[in-house]
Amino acid sequence: MSAAADGAISKVDAENEDRLPDFGDGSYWEVHYEQAAAEGEDVYDWLVGWDQLRFLLEALLAHDPRRATLHLGVGNSPLPEDMYDAGYKEQSAVDISQVVISNMIERNRLTRPEIRWIAADCRDMTAELPSDTFPLVCDK
């Protein structure tokens, strides 16, 4: 009886199965957010959200809502929206996925128009944010 016939997994298959997706590949995220939207996922927060981070982020921004924040790999996290609603309107939110950025623009067009939603690879944003400076860069 062969290994495949008896249900055993070959060493090559086991190694391939243990590989993580290529999170740096934009096409991975396009598919991820297309599927998430199709399944009804509107928001998803990795780790923690504004309620847990507020004390820290406000201190880092010196409690000054005029100070700008850059969110890297924002996805469909509500963090920029929650910060905006708390008075921090100077925000730029970047993600490699045009799909998720389009969804976030649509979701916030009327209620949070000052947030800049930018589809870009955060490893090189010279074209999108050539000379901007940010007192806070958030990558959670």
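I began with the sheet, which is open and has four strands in the order β3-β2-β1-β4 with parallel pairing; strands here are DSSP runs of E of at least two residues, helices are runs of H or I of at least four, and both are numbered from the N terminus. I took two strands as paired if DSSP finds at least two bridges between them. At the edges I found β3 (116-119) and β4 (136-138), each of which pairs on one side only. The twist from one strand to the next averages 20°, with axes fitted to C-alpha atoms, for helices over the stretch in contact, and angles running from 0 to 180 degrees between N-to-C directions.

I noted that this is a predicted model, in which local features need pLDDT of at least 70 and side-chain atom pairs count only at pLDDT 80 or more, while totals for chains, interfaces and linings use all residues. Residues are numbered from 1 along each chain as its sequence is written, and side-chain values use heavy atoms, with hydrogens and water left out.

Next I looked up β1 (residues 69-72) and β2 (residues 91-95), which pair in the parallel sense over four bridges; Thr 69 has Gln 91 as its bridge partner in β2. Helix α5 (residues 98-108) lies across β2 and β3 and runs at about 165° to β3.

Last, I turned to Glu 81 in helix α4 (residues 79-85). Glu 81 counts as buried because its relative accessibility is 5%, where buried means under 20% relative accessible area, exposed over 50% and partly exposed in between (1.4 Å probe, protein chains only). Beyond its neighbours within four places in sequence, Glu 81 is in contact with residues including Met 104 and Ile 115, contact meaning heavy atoms within 4.5 Å.
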